[in-house]
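Subject: Structure handover

Hello,

Here is the structure I promised to pass on. My notes follow below it.

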Amino acid sequence: MNNRVGEAYALITAGRALRKLGDLEGARKTQETALSIAREMGGQDCEAQALNDLGATLVELAHGGPRRTARLRRRAVLVRIAAGVVVDHTRWGVNDGEPIGSAGGGAVGHTGRTAPPEPGGAQTVDELAARLRALHSWAGVSYREIHRRLAASRRRRGIAEIPVYNTVYRCLQPGRSRLDAELVVDIAAALLQDEALVAAWRQAHQVVAGRAADAAIVSVTDSIPADQGTFTGRSAEVAGLLAACDAGTTQFVLGGMAGVGKTQLARYVANRLIEAGHGNELQLSVDLRGFDPDRPPADPAAVLDGFLRRLGVPGSQVHALDLAGRARRFRQLMADRKAIVLLDNAATEDQVLPLLAQSPTCVTVVTSRYQLGGLPDVKCLALDVFTPAESLDLLRGIAGEEAIDADRQTAARIARLVGHLPLALAVVAGRITDSPGWCLGDHLERLTEHRERLRLEDSVEPALALSYEALPPERRRLLRLLALHPGRDLDSYAAAAVSGQRREQVVRVLADLVRASLLQPAAAGRFVLHDLVRVFACDRSRDEDRATVRRDALSRLFDHYRWAAAQAAAGYAPHEGSVRALVEDPGTECPQLGSRDLARAWLDAERSNLIAVVRAAAELGSSRPVTDISTVIHYYLDTSGYYREAEVLHECAVAAATDDASRSRAHNNLGCVYWRLGRYADGRDCYQRALDLTRKTGNRIGTGKAVGNVALGHFRLGRYLDAIDCFEQALTIFHEENDERMSSASTVRGGLGWSLLRVGRTAEALERFDESLRIARLLGDSTFEEAYALANVGNAHARLGGRELATEYGEAALALSRKLAFRSGEVDALNLLGRVRLTGGEPRVAVRLQQEALDLTIDIGSRAMTVEIRNDLGASLMAADRLDQALEEHQLALVVAQTLEDRYEIARACHGLSEVLGRQGADGAAYRERAVALFVDLGTPEAAEIHATY
């Protein structure tokens with residue numbers, strides 16, 4: 001089934017390419033075939049995409065008129081809703097860019113009622129403005145009424161700035177070059193009259209403003225943080241949640257205001273469930289950043305990327321899946337697992353919906369400032385502040401019974417003063433503990449004084465201020481500087497760096513801040529500031545620290561991450577150790593990262609922080625942290641499949657680089673990412689810029705690498721002689737510089753070998769592949785380069801007729817690729833072994849191996865590899881007398897190869913079709929003639945082989 005659905009997705013991609021090329025009839029036929037397969041296999045999201053694409057094609061063909069087209073598009077929306085997929089109503093509209101039902105209301109939503117247009121998916125100011133105008137049409141509210149509602153809302157919130165009527169009117173007109181974030185949000189609020197729906201508009205504006213990259217950077221952990229031993233209260237809520245879980249409820253939403261204790265309750269309940277055996281197989285936790293003051297809410301696709309990787313899905317496979325595909329795969333993998341998932345700080349239902357496992361064995365706990373009652377099959381619990389009794393219990397639990405019971409009346413007044421808010425109570429209790437010379441009356445008096453200096457919620461500010469001002473100077477200073485950290489969490493090494501103090505000293509201060517409830521422990525050895533505490537501490541830093549002090553702290557932090565990332569990169573890939581020389585030791589303490597396992601663990605834990613540091617440094621105009629981190633962790637991001645993070649990182653480096661050497665490295669790394677993402681033209685441009693810059697700077701090794709990368713472009717376009725020339729130039733440079741013990745020296749030889757193989761110089765290709773393998777083994781044990789080289793050597797032996805050697809190398813490549821979870825290497829090895837079995841007269845075994853390889857390429861999402869495997873599988877199917885299936889494989893290969901403009905695989909597909917048609921008694925001469933013409937133009941030996949056959 002998965003294979004057939006994969007075929008449908010491949011046809012969808014091909015149909016889009018044909019439509020773009022102007023072959024509308026071909027696109028229609030391809031899309032109708034995809035639709036037929038999707039319906040046969042029950043692939044609802046696939047069916048929806050096929051329906052939508054077919055509708056767009058029919059518009060251009062004018063087949064069936066607008067009524068049929070509108071019906072197809074409406075069906076696409078309904079199918080996606082039935083599949084549980086969040087619908088972007090503008091994308092799935094009746095006409096391109098027109099919301100469904102825009103003339104008479106919004107699209108059909110989850111409840112079957114008319115729903116408002118949504119902002120999701122807008123990537124430009126024009127698109128967001130169009131969504132806002134659609135919302136205006138849906139609401140049916142006059143401009144005057146919008147202005148009246150907006151002005152009233154701002155007055156209620158104490159906002160002095162009230163826009164004039166013309167400002168609101170112009171915001172809703174076409175041709176806007178920019179949009180004010182707060183004005184967009186307030187207009188949306190005025191139109192929707194539902195606060196729960198407004199956050200999506202703020203999020204959409206952040207995307208348009210360039211913050212989408214931040215949303216894609218998410219940190220996922222595979223454990224639930226331990227609940228603090230001082231957890232108090234909520235006994236009724238805890239009992240109710242546990243009882244509901246025992247009764248079969250598996251999805252919970254804990255809603256309430258900031259500081260009310262949602263996260264603490266969620267962690268406490270989750271740990272009790274784990275103790276009871278509910279989640280003893282797997283735990284996943286993530287902060288969705290729904291209300292982070294500095295960063296946008298987490299992209300659910302990025303969260304699922306982290307979840308799936310924790311579940312063992314390789315990054316290359318995750319990358320190939322869209323949001324719906326990732327959600328579907330997540331649900332499949334969680335179906336029978338006893339698991340607990342904590343989704344903390346959720347912004348909207350749309351953000352949460354794809355993350356629900358919807359499994360009877362997986363408990364999901366969501367926290368949010370909203371109730372999110374529209375989620376399916378969830379139990380919602382609205383948390384209020386503590387009762388007076390619970391407030392006193394919390395104070396006793398932290399400050400001690402003796403201190404509180406000595407003056408219970410005053411303690412009760414303190415609790416009332418801070419609004420019985422758990423966060424504020426915990427902070428006050430920490431202050432009481434740290435000031436034994438004060439009585440409760442003293443604390444009450446000071447709290448009352450601080451009521452005049454509010455910046456946050458009335459309940460929180462005085463409690464924070466009182467505890468902060470009672471801290472010794474070193475603790476106050478560290479708290480202020482920790483708030484400058486651009487990431488979500490940090491370890492003691494980063495804390496030491498930002499403070500400029502020794503780690504041993506900082507560890508003690510961190511423990512003191514945890515005891516004062518101003519800092520929260522996260523994963524083992526890591527710490528996080530509550531959002532309200534971060535805002536408070538940032539305000540205090542601006543008030544109390546000179547700008548130079550804050551800049552120096554950030555510079556120390558940036559230097560720490562530069563150096564630690566370089567050490568981790570060297571541990572992760574020792575053969576790439578030359579990158580470490582780019583970064584000088586800043587003198588800050590760094591964890592031990594010498595082994596691959598330690599380095600990988602650190603890079604995984606700090607990945608989101610590294611991206612945050614790079615973006616913060618770029619905003620401050622500090623280029624070295626940007627370019628150095630981009631360089632040193634490129635290999636890690638590339639081999640781990642973190643292409644989105646790599647794209648953000650290297651684009652920052654390209655923009656921030658101040659010298660040609662840094663620019664060349666950044667362009668080279670960005671070009672690699674673009675190739676991985678299938679943006680071949682952009683990749684070639686980056687590689688060419690990198691080459692021009694390295695030649696300008698005289699960096700010979702960099703020039704060699706860039707020339708090798710340019711050669712890849714020639715190979716992709718079928719310019720094999722040009723590719724050979726560039727690869728040989730690169731190797732000459734490496735030899736002259738006496739620097740062949742690096743990964744590029746191995747992979748460039750591999751590329752040269754394949755170019756030689758294509759033009760029939762097989763013996764020379766084997767020599768280059770052997771050299772590539774020798775160098776790969778010098779790089780270290782069990783490297784990706786070695787797996788790649790083993791398969792290459794096997795392919796050369798197979799071409800030369802050495803089946804035994806080809807099998808030996810193929811099996812070695814397969815074993816190493818599986819050990820490394822190197823899926824593309826596994827595909828190469830399986831296909832190689834299949835070809836060997838075919839030449840040995842075992843077509844059925846060949847089909848089995850190549851079918852496995854095809855399934856992997858579909859999962860990975862590599863269209864180039866899929867084309868190659870389909871052509872090879874077609875040949876094996878024909879040898880096994882499965883002619884109809886062979887014909888289908890070559891037809892699919894031809895369609896996709898044409899969209900990729902891969903002339904070599906187009907020729908192979910045409911040759912395969914001519915062979916199969918001939919076996920079926922049909923005329924395949926036209927396909928054969930086209931294949932010969934292409935092979936002749938490419939300069940490959942297949943043309944002569946075909947002529948010799950006929």
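This is a predicted model: local features need pLDDT of at least 70, side-chain atom pairs count only at pLDDT 80 or more; totals for chains, interfaces and linings use all residues.

Residues are numbered from 1 along each chain as its sequence is written, and side-chain values use heavy atoms, with hydrogens and water left out.

A word on terms. Helices (H or I, at least four residues) and strands (E, at least two) are DSSP runs, numbered from the N terminus. Two strands pair if DSSP finds at least two bridges between them. Buried means under 20% relative accessible area, exposed over 50%, and partly exposed in between (1.4 Å probe, protein chains only).

β3 covers residues 282-287, and six of its six residues are buried, so the strand is largely enclosed by the rest of the structure. Both faces are covered. Leu282, Leu284 and Val286 lie on one side; Gln283, Ser285 and Asp287 lie on the other. In a regular strand the side chains alternate between the two faces of the sheet.

β3 has a parallel pairing with β4 (residues 339-346), over six bridges. With β1 (residues 220-221), β3 pairs in the antiparallel sense over two bridges. There, Thr221 is opposite Ser285.

β4 also pairs with β5, again parallel and over six bridges. Ala346 faces Ser368 of β5 in that pairing. On β2 (residues 251-255), five bridges link the strand to β5 in the parallel sense. Gly255 has Ser368 as its bridge partner.

β5 (residues 362-368) is mostly covered, with seven of its seven residues buried. Cys362, Thr364, Val366 and Ser368 are on one face, and Val363, Val365 and Thr367 on the other.

A buried arginine

Arg234 sits in the loop between β1 and α10 (235-246). Its relative accessible area is 3%, so Arg234 is buried. Contact here means heavy atoms within 4.5 Å. Not counting residues up to four places away in sequence, Arg234 touches Val260, Leu265, Leu383, Asp384, Val385, Phe386, Glu390 and Pro422. Arg234 and Glu390 are 156 residues apart in sequence, but 7.9 Å apart in space, C-alpha to C-alpha.

An open sheet

Three strands form an open antiparallel sheet in the order β7-β9-β8. β7 (489-491) and β8 (520-521) are the edges; each has a single partner strand, so one side of each is left without a neighbour in the sheet. Three bridges join β7 to β9 (residues 526-528) in the antiparallel sense. Asp491 is opposite Arg526 in β9.

Helices

Ser541 is in helix α25 (residues 531-544). Ser541 counts as buried because its relative accessibility is 0%. Leaving aside neighbours within four places in sequence, Ser541 is in contact with Arg480, Leu484 and Arg550.

Next, a helix pair. The axes of α37 (residues 784-799) and α39 (residues 823-839) come within 10 Å and cross at roughly 15°. Axes are lines fitted to C-alpha atoms, for helices over the stretch in contact, and angles run from 0 to 180 degrees between N-to-C directions. α37 and α39 are therefore roughly parallel to each other (angles under 35 degrees). From α37, Ala791, Gly794, Asn795 and Ala798 meet Asp828, Leu832, Arg835 and Val836 in α39.

Best wishes

Terms used:
Angles under 35 degrees count as roughly parallel, over 145 as roughly antiparallel, 65 to 115 as roughly perpendicular and the rest as oblique.
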